[in-house]
Amino acid sequence: MKHVLARLRRGSPLAIVFASVFIDMLGYGMIVPLLPFLVREYSASALLVGLLSALYALMQLFMAPLLGAVSDRIGRRPVLIGCIAGSGVAYLLLGLSDTLGLLFLAIGLGGMAGASIPTAQAYIADTTKPEDRARGLGLIGAAFGLGLMLGPALGGLLSSYGLAVPALAAAAFAALNTLYALIVLPESLPPERRSHQPLHLLNLTAQLAEALTLRRIRLLLVAIFLLNLAFAGLQSNFPLFSTVRFGWDVLQNGIFFAFVGVCAVVTQGFLIGKLQPVWGEAPLVLAGLGLMTIGLLLIALAPQAWLLYPLVGIMAVGLGLAIPSLSALVSQRAGEQRQGAVMGGTQALLSLTLIIGPLLAGLAFDLAGPGAPYLLGSGLAGLAFLVAAATLRPLRSSREQAASKG
């Protein structure tokens with residue numbers, strides 16, 4: 001037994017963190033399509049689903065930097081293991097919840113425990129050489145995407161045995177993941193490198209204000225905000241839309257979420273790498289925003305269920321093209337000395353959209369019908385297209401002039 005444990009501990013830290021993040025996101029992915037069906041037992045309000053999604057994002061927003069700072073003081077290992085165990089408790093509460101209050105408690109705890117990605121990224125930074133760091137961080141993204149891709153399909157299959165079964169299965173996965181991490185996950189931050197600075201809460205206003213002082217990226221940040229606001233509420237709202245409009249059950253929604261995950265992985269993992277060297281970021285931004293605008297509009301008007309697959313595929317490709325390209329342009333325009341401040345401000349904007357978006361989608365659904373969140377999203381994506389076009393036109397014009405002189 002000792003030899004087995006020793007062999008496990010000698011395993012690659014990258015592989016260990018990959019497995020931990022993958023299992024954690026697998027459990028989360030199993031729950032996402034299930035949430036509207038759990039809420040329906042207490043209320044038919046789409047706003048309630050939006051409130052729960054906003055609560056999850058709000059807990060992540062405040063806990064992620066705090067957990068990162070705590071890991072600087074006490075080490076990465078206890079924070080990561082605590083978050084994995086906390087996710088298990090949240091899933092267990094969700095599976096056993098029989099009151100709305102317990103449901104909110106489970107989602108809030110899940111958001112707090114799910115704020116461990118920055119700590120996992122710090123663990124990778126501790127254990128890799130600078131030249132290998134991008135590959136290590138890419139593995140975190142791959143684990144994140146694979147978990148979200150496979151989780152919904154597995155959750156949909158398990159839901160045929162009862163709505164509580166996927167949540168209880170996710171709790172079991174988290175328990176096994178906790179045990180695995182306790183046995184094999186070494187500490188990455190030695191005591192002599194730990195911080196002794198006092199903890200500070202996230203200053204969201206300061207991060208946003210600093211990023212918005214840079215005129216060269218201000219409109220790009222507005223476009224990022226509008227685009228993510230258009231998309232943020234749809235993940236939690238889609239099961240309601242598909243159930244009311246087409247009578248889909250949990251399994252059908254789970255398979256559909258897995259399809260969306262495949263589209264995202266193909267676009268960001270393959271397609272953008274082929275198109276970016278040929279087209280450049282600016283055309284990809286406009287193409288992606290255009291596809292998002294059209295896709296969301298057609299989803300709202302779709303008369304038959306099978307059309308959702310190609311239409312959401314269009315939307316997912318548009319999102320996969322626009323977001324990385326916008327982020328790259330922001331980074332290029334920010335300059336080498338302002339990367340940290342700009343990335344912090346961008347993350348703050350994204351966090352706000354994850355809180356506001358589900359609430360807007362829920363209100364639109366309740367007040368104007370199932371298609372309203374997608375019409376609203378199409379309008380926001382179209383506005384993002386206009387904003388991006390206005391700020392990218394001078395860039396294209398200057399490049400065309402330089403090419404003509406050359």
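Is the crossing of α5 and α9 left-handed or right-handed? The crossing of these two helices is left-handed. The model is predicted. Its secondary structure comes to 17 helices and zero strands. Mean pLDDT for the protein is 79, and 82% of the residues reach 70 or more.

**Overall architecture**

- The protein has 406 residues, and 48% of them count as buried.
- Take the contacts with a separation of 6 or more: 84% of them join residues 24 or more positions apart.

**Confidence**

- Among the elements, helix α14 (residues 281-301) has the highest mean pLDDT, at 92. Helix α1 (residues 2-9) has the lowest, at 47.
- Residues 1-5 have pLDDT below 50. Beyond near neighbours in sequence, this stretch has one contact in the model.
- Residues 397-406 also stay under 50 in pLDDT. For them the model has zero contacts beyond four places in sequence.

**Helix α5 against helix α9**

- Helix α9 spans residues 164-184, and its axis comes within 7 Å of the axis of α5.
- The two axes cross at roughly 160°. An angle over 145 degrees counts as roughly antiparallel, so α5 and α9 are roughly antiparallel to each other.
- From α5, the contact uses Arg77, Ile81, Ile84, Ala85, Ser87, Gly88, Tyr91, Leu92, Leu94, Gly95 and Leu96.
- From α9, the contact uses Ala164, Ala167, Leu168, Ala170, Ala171, Ala174, Asn177, Thr178, Ala181 and Leu182.
- By class, the residues of this contact divide into 15 nonpolar, five polar and one charged.

**Helix α5 against helix α6**

- Helix α5 (residues 76-96) also packs with helix α6 (residues 100-113), their axes coming within 8 Å.
- Here too the crossing angle is roughly 160°, and α5 and α6 are therefore roughly antiparallel to each other.
- The crossing of α5 and α6 is left-handed.
- The α5 side of the contact consists of Cys83, Gly86, Ser87, Val89, Ala90, Leu93, Leu94 and Leu96.
- The α6 side consists of Leu102, Leu103, Leu105, Ala106, Ile107, Leu109, Gly110 and Ala113.
- The residues of this contact divide into 13 nonpolar, three polar and no charged.
- Ser87, Leu94 and Leu96 of α5 take part in the contact with α6, and Ser87, Leu94 and Leu96 also take part in the contact with α9.

**Gly147 in helix α8**

- Gly147 is found in helix α8 (residues 133-158).
- Its relative accessible area is 0%, so Gly147 is buried.
- Leaving out residues up to four places away in sequence, Gly147 touches Phe22, Met25, Leu26, Gly29 and Pro152.
- Gly147 and Ala258 are 111 residues apart in sequence. In space, their C-alpha atoms are 9.7 Å apart.

**Ser242 in helix α12**

- Ser242 lies in helix α12 (residues 234-246).
- Is Ser242 buried or exposed? Ser242 counts as buried because its relative accessibility is 0%.
- Residues up to four places away in sequence aside, Ser242 touches Gly247, Trp248 and Asn253.

Conventions:
Residues numbered from 1 in each chain as written. Predicted model: local features only at pLDDT ≥ 70, side-chain atom pairs only at ≥ 80, totals over all residues. Heavy atoms only, no water. pLDDT = per-residue confidence, 0-100. Helix = DSSP H or I, 4+ residues; strand = E, 2+ residues; numbered from the N terminus. Contact = heavy atoms within 4.5 Å. Axes fitted to C-alpha atoms, helices over the stretch in contact; angles between N-to-C directions. Parallel < 35°, antiparallel > 145°, perpendicular 65-115°, else oblique. Left-handed = near helix turned anticlockwise from the far one by under 90°. Nonpolar A, V, L, I, M, F, W, Y, C, P; charged D, E, K, R; others polar. Buried < 20%, exposed > 50% of the residue type's maximum accessible area, 1.4 Å probe, protein only.
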